[in-house]
Amino acid sequence: ESQEAVPAGDVRAEYERLVDDVRRYRFAYYNEDAPLVSDAEFDLLYRRLEELEQLHPEIVANDSPTQEVGGEVSAAFAPVVHLSRMYSLEDVFSLEELEAWVERASANAAVQAPEKGLRWLAEVKIDGLAVNLLYRDGQLVRAATRGDGTTGEDVTHNVLTIKDIPQRLAGTGWPSEVEIRGEIFIASQGFLELNEQMVSEGRAPFANPRNAAAGSLRQKDPAVTARRPLSMFVHGIGAREGLSAASQSEAYGLLRDWGLPVSPYFKVLDSYQEVLDFIGHYGQHRHDLLHEIDGIVVKVDDFGLQRALGHTSRVPRWAVAYKYPPEEVHTKLLDIRVNV
Ligand code: NAD
């Protein structure tokens, strides 16, 4: 409450320490695929940084990590400028925060486009890494990681080894240039097998499927990537001039027709109650899916409304990620408690 009681120097010192930590942890996570702390720990630090910035707007640095999409471009890869920017997602960690977000977005949407009814597209949040696929005249010509959102890393040769991803689009009606965004992941079963294999070769196993996917995609030698069980599900569209879809769910139908892998775990919903039911359902079944998830993404389905709502420098204003509380898992093997 009484913020005045905290000496200004202490606030600045805490702020600078947080900025340093967030930068260091992001570098380890995105560039080295070797996180130094758990996601839950990182999220707490990041939240505290956002809170300090809200309480003390005067200390916000221009290049604060809260203003950027995390992830630099490693010198190991050629840089690729995305045709259309890639964003991160705003996180919420409780249903109260989600409800507040939904109310804000609904009010905003009502102002922007009062004639439109609001429908939500709820999807599971896949724990992998984003990739941007550029198809020109139906041919996959480039694939890049998200990087800082403007510039990503060229991983075309590696992506060409992933069987789920078509090198040529099927059907007809695709724009002459279209950017397809999706999440590259390793399915739970494939992750177990990959780690068994790593251990049998005397190598360190991966900490989690997300690291395994990122480490496997960001390889210098595509032959290594080719041996890893990588999959992808689409979750967005970038540059799309000439795309004949009015909503994200309609676009998913087109992408499926073109041979792109669309997740079985999404639903178009008409009310907030239905969103809550979706969250409850996947909260109960999160370990029965093909892959790991760390939450639910709720998006405004209509493309016109998405455009009207726009984005900040870091996140779209038409989507939000609800994160499930971290689980405490009791591993019998090691008889220790770990947070995942
Ligand atoms: P994010 O992972 O929270 O959300 C944005 C990303 O979600 C998108 O870029 C996309 O790749 C992905 N995504 C998955 N399913 C999706 C779907 N259905 N629709 C749309 N997007 C979907 O954001 P971020 O900025 O990449 O990273 C923050 C996350 O990374 C946090 O969870 C944080 O804990 C973790 N992180 C951890 C460390 C660490 O040291 N452990 C460091 C940095 C970041």
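1. **Two domains.** The C-alpha centres of domain 1 and domain 2 lie 25 Å apart. The contact between them takes seven residues from domain 1 and 10 residues from domain 2. On the side of domain 1 that touches domain 2, two residues are nonpolar, two are polar and three are charged. Domain 1 covers residues 3-67, and domain 2 covers 79-339. Keep in mind that this is a predicted model.

2. **Who surrounds the ligand?** Look next at the ligand. There are 24 residues around the ligand. Which of them come nearest? They are Y29, D39, S88, A130 and H235. By class, the shell holds 11 nonpolar, five polar and eight charged residues.

3. **Where the shell comes from.** Both domains take part: domain 1 (3-67) and domain 2 (79-339) each give the shell at least three residues. Now go down to helices and strands. Two helices, α1 (8-31) and α2 (39-55), each supply at least two residues of the shell. The strands β3 (120-126) and β8 (230-237) likewise supply at least two residues each.

4. **Helix α1.** Follow this helix from end to end. α1 has 24 residues. From its first C-alpha to its last, α1 reaches 34 Å. That is close to the 34 Å expected at 1.5 Å a residue. Just after α1, D33 takes a positive phi of about 50°.

5. **The buried side of α1.** Which residues of α1 are buried? They are L18, V19, Y25, Y29 and Y30. What covers these buried residues includes α2.

6. **K125 in the record.** UniProt lists K125 under "active site", in an unreviewed entry. In the model, K125 is found in strand β3. β3 is one of the elements that supply at least two residues of the shell around the ligand.

7. **Why does K125 count as buried?** Count its neighbours. K125 has 22 C-beta neighbours inside 10 Å. A residue is buried if 20 or more other C-beta atoms lie within 10 Å of its own. Therefore K125 counts as buried.

8. **What K125 touches.** Leave out residues up to four places away in sequence. K125 then touches I293, D294, G295, I296, V297 and A321.

Notes. Residues are numbered from 1 along each chain as its sequence is written. This is a predicted model: local features need pLDDT of at least 70, side-chain atom pairs count only at pLDDT 80 or more; totals for chains, interfaces and linings use all residues. A residue is near a molecule or strand if its C-beta atom, placed from the backbone, lies within 6 Å of it. Helices (H or I, at least four residues) and strands (E, at least two) are DSSP runs, numbered from the N terminus. Ala, Val, Leu, Ile, Met, Phe, Trp, Tyr, Cys and Pro count as nonpolar, Asp, Glu, Lys and Arg as charged, and the others, Gly among them, as polar. Domain bounds come from an automatic or database domain assignment. The expected span of a helix is 1.5 Å times one less than its number of residues. A residue is buried if 20 or more other C-beta atoms lie within 10 Å of its own, exposed if 12 or fewer, and partly exposed in between; C-beta atoms are placed from the backbone. Two residues are in contact if their C-beta atoms, placed from the backbone, lie within 7 Å. UniProt positions are given in the numbering used here, feature names are shortened, and annotations may be inferred rather than shown by experiment.
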